[in-house]
Amino acid sequence: MTAEAGLAALWFAAALAALQLVMAAMGLRTGREDVLAATRPIAVVQGVLAAIAMGCLVSVFLASDMSVRLVVENSHSAKPWLYKLAGAWGNHEGSMLLWVTILGIAGGAVALLERRLSERSLIATLGAQATIALGFYAFLLFASNPFARVFPAPPDGLGLNPLLQDPGLAFHPPTLYIGYVGLSVAFSFAVGALVTRDVGPAFARAMRPWVLGAWIFLTLGITAGSYWAYYELGWGGWWFWDPVENASLMPWLAATALLHSVTVLATRDGLRAWTVMLAVVAFSMSMIGTFLVRSGILTSVHAFAVDPRRGAFILALLAIYIGGALALFALRVGTVREGARFELLSREGGLVANNLLLSVILGIVLIGTLYPLVAAGFGVQLSIGAPFFNKAAGPVALVLLAVMAAGPLIRWRRDDAGELMERLLLPIAAACFSFAGLFLLGESMRLLPLIGLSLAAGLAVASVAPLWKRNLRRTPLFTWGMVVAHLGIAVSLAGMACDSAFTQERLVAVRPGEPVSVGPFSVTLVGIRPLIGENWSGLEAHLAAARGGNTLVLTPQLRFFANPPTNTNETAISTRWDGQLYTVLGQPDGTGRWQLRLWWKPFVTLIWAGGALIALGGALSLLGRVSRERRVALREVWA
Amino acid sequence: MKAKHQRLSLALLALGAVVAAGLLALSALKDQAAFFYAPSDVQREGLPLGRAVRLGGMVAAGSVSRAHDGVTVRFVVTDGHATTPVTFAGIVPDLFRERSGVVAEGSFLPDGSFHATNLLAKHDEKYMPPQVAGAMHETRTLR
């Protein structure tokens, strides 16, 4: 019954989305008040219905209802409940349902909360949102129905890919999807503003919290995904330039650019056309990301099923939305008035440089990600990996970071080069000092990590410099947000540079009792014991890692899953204040020796700590903006 | 600065940045794109020496052996027509086994063998790297 209820809710939601689109179009054409007024509640109910459908799917998974095909294919009654829950979106259909659910809820939230924008622009925005939703409802209902039944029902399910049986999975996809879909709201705002020819600070202020929110979630999703890959895959790396990772990085780059340009539009009424363009690009990147991950073009843990029809469907949606938005942009860009002017050396100029450099990086990542697919279309098999991205995007990123250090210290409108240099003296001194210090002390650091670490030092100083000589209590929350986020980038950069400069690795086959040294540790294999888990059996190594007088115990495991039959390596990681000891247990070699792979990674944790700081900065900024700009509006709503 | 000049200089700046980035990307693409080879491609086209490539195929039955250090693995990759010996130092992926698909990243040595720096095996029973499926399909040995 639950499955049928979910399907019905989905159909009703799709019908309401169609109605929402028609009402918005009619209301805008005729200008009738009653039609305009009816659009808001429809959007809210549509969101509620989508949420009900998702709730039905989750309850079917929790109840292990084996008459639903999706449950059979992706779950097993012996699975821990968290993975039953996560299994609801750990597959193609379920994850697409989650996508439209978040889309519907976001649309409902816009309808419910947005009071600042002109009524016409808001209705146009809701119409655009309904158009997007309609496409994805069609995709779900016609090409990937999550509620399809099987008859006869099998006794039990096939299980979930053990690599995905991890607490991280329960939160990673929803986080990223909220980010992706948040950008769809920015896209709808941009389309709405174009339709009503109303591109200005009010539009920017309405859009900004959504962009900020999406950006926070994308940051969290990428950070969590990176840490998941780091400890789950057991390769000791934290970023692989895998197309699936790029699919989440590209919207983030676009959203970062949008975040900065929307500020120029909101505060100085500049960069109008460019901001609208970026909003379209940002959501296009979300769509391309969804297409890459969901179409089965890429094979990875994320590509759940290879069905060419689905790929074609998403590609068609992609072409319609991006093409439509770009066509609208081309038609209407002439009517967007030129924004306020500014000098090149000004905060606006710095933000333009930020946007330009971010767009260049985005272009490089896009080329590197799509080129192998295009080449495959011409019958050439090739893959593009880390060397390409590091070589092409690395230098641009370094320039971007230098601009980032200076940007917040430049005044709006116009600034004096000499005065700016004075303000930058301290950060530059910090960078030079750490460069010299590392050069003299570090025995043989490669150039890039050396530059990275010195830049991180300068950046850290520069990012807190805006607080210099200010009354900290009176400093607005969004200024704090900027400071914290920029500091997070410096911290993350320092972590990356430390990881690439100081990591030590050992790969050995040892008998119990033989010590192996890695970094400051002496690691000894004490013994191996068998282990039984909830739905797996395995082997666990007991490692003793000694440093100074202290001994740490690490227990990396090999796990064997029965359904589906798979082995996984469970890494054991010990986090110290100055880094992580990372251990992987390999196979026995048949003569009593066991393979061990050990890494000592000084300060690697800074990478994710930085990511968390960036997201925290975003949250502070969002809080500051919302509390300042919505105080009045919210009072009206709740009064 | 006049408005016209400002727009012009901004546009030129943007153009310059995009061209520079394009050149950067192209030069990196030329050096770094790793092409995919099956053992019979190597037989036909010769050894692609001195560049990072991927080698894909099946791990030949009975070919996996371990060196004395306990961490170097030797095996033979086959696509049904030709074979290439591979050495790899490291922990093999969870689903690396004989008669199963594998993609090795690394480079060819002048003696025709392959030095792998990374192995990608299929993640689960449903998954096969598309390159492997393609190479297998061409030589029609996929059972």
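**Chain B.** I began with burial in chain B of this predicted model, and found that buried residues make up 36% of its 143 residues, a residue being buried if 20 or more other C-beta atoms, placed from the backbone, lie within 10 Å of its own. I then listed three helices and seven strands in chain B, taking helices (H or I, at least four residues) and strands (E, at least two) as DSSP runs numbered from the N terminus. Along the sequence I read the pattern α-β-α-β-β-β-β-β-β-α. Looking at contacts in chain B between residues at least 6 apart in sequence, I noted that 54% join residues at least 24 apart, where a contact needs C-beta atoms, placed from the backbone, within 7 Å.

**Notes on the conventions.** Residues are numbered from 1 along each chain as its sequence is written, while chains are lettered from A and ligands numbered from 1 in the order in which they are written. Local features need pLDDT of at least 70 and side-chain atom pairs count only at pLDDT 80 or more, but totals for chains, interfaces and linings use all residues.

**Helices α13 and α15 of chain A.** I looked up helix α13 (residues 386–406) and helix α15 (residues 447–464) of chain A, which pack at an angle of about 20° with their axes 9 Å apart; the axes are lines fitted to C-alpha atoms over the stretch in contact, and angles run from 0 to 180 degrees between N-to-C directions. The two helices α13(A) and α15(A) are therefore roughly parallel, a term for angles under 35 degrees. On the α13(A) side I found Leu398(A), Leu401(A), Met404(A) and Ala405(A), which meet Ile451(A), Leu455(A), Gly458(A), Leu459(A) and Ala462(A) in α15(A). The residues of this contact divide into eight nonpolar, one polar and no charged, with Ala, Val, Leu, Ile, Met, Phe, Trp, Tyr, Cys and Pro counted as nonpolar, Asp, Glu, Lys and Arg as charged, and the others, Gly among them, as polar.

**Helices α9 and α10 of chain A.** I next saw that the axes of helix α9 (residues 243–268) and helix α10 (residues 272–294) of chain A come within 9 Å and cross at roughly 165°. That makes α9(A) roughly antiparallel to α10(A), the term for angles over 145 degrees. The residues of the contact of α9(A) with α10(A) divide into 20 nonpolar, five polar and one charged.

**A sheet in chain A.** Last, I traced four strands that form an open antiparallel sheet in the order β2-β11-β10-β9 of chain A, where two strands pair if DSSP finds at least two bridges between them. The edge strands are β2 (504–510) and β9 (572–576) of chain A, each pairing on one side only.

Key:
Parallel < 35°, antiparallel > 145°, perpendicular 65-115°, else oblique. Contact = placed C-beta atoms within 7 Å. Buried ≥ 20, exposed ≤ 12 C-beta atoms within 10 Å, placed from the backbone.
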